[in-house]
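We will then walk through some of its parts together.

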Amino acid sequence: MKIIGILGGMSWESTTLYYKLINEEIRVRLGGLHSAQILLSSLDFAEIAEYQSKNQWKKSADVLMTKAKDLERGGAQCIVIATNTMHKIIPLIDKEISIPFIHIAKSLACALQKEQVDEVLLLGTRYTMKDDFYKAILNEYHIKVQVPSNEDIEYINAIIFKELCVGQIQESSRQMLLRIIKKQKCNNVALACTELPLLFDNVEEGLRFFDTGAIHAKEAVEFALGR
């Protein structure tokens, strides 16, 4: 079994889900007392979030590159960034790291193709929904991408940073997101923020959710088991 390196803490709410999901998948695949070999580097999200808000992506890339190198030196054989948004900086650091990054958008694209989905509503932070780094990868896989209106993007971003990232799960926010989703008239919904599944642990009639964190975790297990 290969060692999975995780860059987490962004936020730690979703990092705990990654640890759980990866180990649950290992148990399904191998049974018994097997568990994943994981190295975790947990960052201070306050620092990263400040760089995001100031559009200082190079500074956040430098922080993640340092931690990724630590994981590589520690024996990790791949890197999983346990957040969608920070995949924006992979082009700034991947040439400095000799082990592969398992890219969450590529993992999602493959999962969508497997389910024969060619159009998806993308929900995440404002950076994920507005910037091209994520949508461009889905487009490369011939998947059309919808995003909400600018006003709704700001609502979603506030729910993520002011509530979900600090452990607050509000039914009113869940209902607001459902209203936003239904306005878009797209039943295939990519939860492209690793905290969003905290609001949607139940199946919603007529909607099909794609949990990017869960998809990403399974891809990490595939790599670890060499399958």
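This is a predicted model: local features need pLDDT of at least 70, side-chain atom pairs count only at pLDDT 80 or more; totals for chains, interfaces and linings use all residues.

Residues are numbered from 1 along each chain as its sequence is written, and side-chain values use heavy atoms, with hydrogens and water left out.

Let us begin with the sheet. Strands of a sheet pair through backbone hydrogen bonds, either parallel or antiparallel. Here three strands form an open sheet in the order S2-S1-S3, with parallel pairing. Helices (H or I, at least four residues) and strands (E, at least two) are DSSP runs, numbered from the N terminus, and two strands pair if DSSP finds at least two bridges between them. S2 and S3 (78-81) are the edge strands, each pairing on one side only. From one strand to the next, the twist averages 20°.

Now find strand S1 (residues 4-8). Five bridges join S1 to strand S2 (residues 38-42). Ile4 has Ile38 as its bridge partner in S2, and Ile6 stands opposite Leu40. Is S1 buried or exposed? Five of its five residues are buried, so S1 is largely enclosed by the rest of the structure. Buried means under 20% relative accessible area, exposed over 50%, and partly exposed in between (1.4 Å probe, protein chains only). Ile4, Ile6 and Gly8 lie on one side of S1, Gly5 and Leu7 on the other, and both faces are covered.

Next come the helices. Helix H1 (residues 12-30) lies across S1, S2 and S3, and runs at about 175° to S2. Axes are lines fitted to C-alpha atoms, for helices over the stretch in contact, and angles run from 0 to 180 degrees between N-to-C directions. Elsewhere, helix H5 (residues 104-114) and helix H7 (residues 132-140) pack at an angle of about 35°, their axes 9 Å apart. Residues of H5 in this contact (heavy atoms within 4.5 Å) include Leu108 and Leu112, and among those of H7 is Ile137.

Finally, how many disulfides are there? A disulfide is a pair of cysteine sulfur atoms within 2.5 Å, and the count comes to zero. The sulfur of Cys193 is 6.0 Å from the closest cysteine sulfur, in Cys165, which is too far for a bond. Cys165 counts as buried because its relative accessibility is 12%, and Cys193, at 4%, also counts as buried.
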